[in-house]
Amino acid sequence: MSTIPSTRLKIVAQQGPKALIAASIVWQSTSVYAVQAMLAQRPEATRLILYLHDGVPTDEPAAMVSATVATVRRQGTLVVGVYVGPQEHLERLEGIFGAADTLPVARLREVPQALGRVLQRAAATRRLGRR
């Protein structure tokens, strides 16, 4: 499924989301794959990962995160990068998630309206609800 070491996925499976942030250890690709694995067990046809971010990946190359996002999308999950805060790194996040699937918002309270636009566009292009 991924190029992430299986030991990282086992840690996440055993400890859940807290393993991704414990002791300042954050593995972006691992977290996306772990969430995808959890969503794959759900019966709903629509699967969505909202990836909240504050700028630039620091724990692994942006190209690796982008490849992970592309793999998860091919499995039928919509992945949206939500970039909260000053937007000086917007271009870098768009490089990972794509301009259409990056939500640049200055404040967290702006997310619902911006997300609504992305979901409407995804539904119109039939990216939602596929299996």
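Start with the meeting of two helices: from α3, the residues Q28, S29, V32, Y33 and Q36 touch M64, V65, T68, T71 and V72 of α4. Sorted by type, the residues of this contact come out as five nonpolar, five polar and no charged. Keep in mind as you look around that this is a predicted model.

How do the two helices sit relative to each other? In general, a packed pair is described by the angle between the axes and the distance between them. Here the axes of α3 and α4 come within 9 Å and cross at roughly 10°. Angles under 35 degrees count as roughly parallel, so α3 and α4 are roughly parallel to each other.

Stepping back, the chain has six helices and three strands, and along the sequence they run α-α-α-β-α-β-α-β-α. Of its 131 residues, 37% count as buried. Looking at contacts with a separation of 6 or more, 57% are between residues 24 or more positions apart.

Now for the inside. The largest nonpolar core has 13 residues, and those touching the most other members are V32, I49, V69, V72, V79, I96 and F97.

Which residues of α5 are buried? They are L93, I96 and F97. These cover an arc of only 80° around the axis, so they lie on the same side of α5. The face of α5 turned away from the buried side carries the exposed residues E91 and G95. And what covers the buried residues? The cover includes β1, α4, β2 and β3 (102-105).

F97 deserves a look of its own. Leaving aside neighbours within four places in sequence, F97 is in contact with Y51, V69, R73, V79, V80, G81 and T102. Just after α5 comes G98, with a positive phi of about 90°.

Methods
Residues are numbered from 1 along each chain as its sequence is written. This is a predicted model: local features need pLDDT of at least 70, side-chain atom pairs count only at pLDDT 80 or more; totals for chains, interfaces and linings use all residues. Side-chain values use heavy atoms; hydrogens and water are left out. A nonpolar core is a set of buried Ala, Val, Leu, Ile, Met, Phe, Trp, Tyr and Cys residues joined through side-chain atoms within 4.5 Å. Buried means under 20% relative accessible area, exposed over 50%, partly exposed in between (1.4 Å probe, protein chains only). Contact means heavy atoms within 4.5 Å. Axes are lines fitted to C-alpha atoms, for helices over the stretch in contact, and angles run from 0 to 180 degrees between N-to-C directions. Helices (H or I, at least four residues) and strands (E, at least two) are DSSP runs, numbered from the N terminus. Angles under 35 degrees count as roughly parallel, over 145 as roughly antiparallel, 65 to 115 as roughly perpendicular and the rest as oblique. Ala, Val, Leu, Ile, Met, Phe, Trp, Tyr, Cys and Pro count as nonpolar, Asp, Glu, Lys and Arg as charged, and the others, Gly among them, as polar. The arc is that of the directions from the helix axis to the C-beta atoms.
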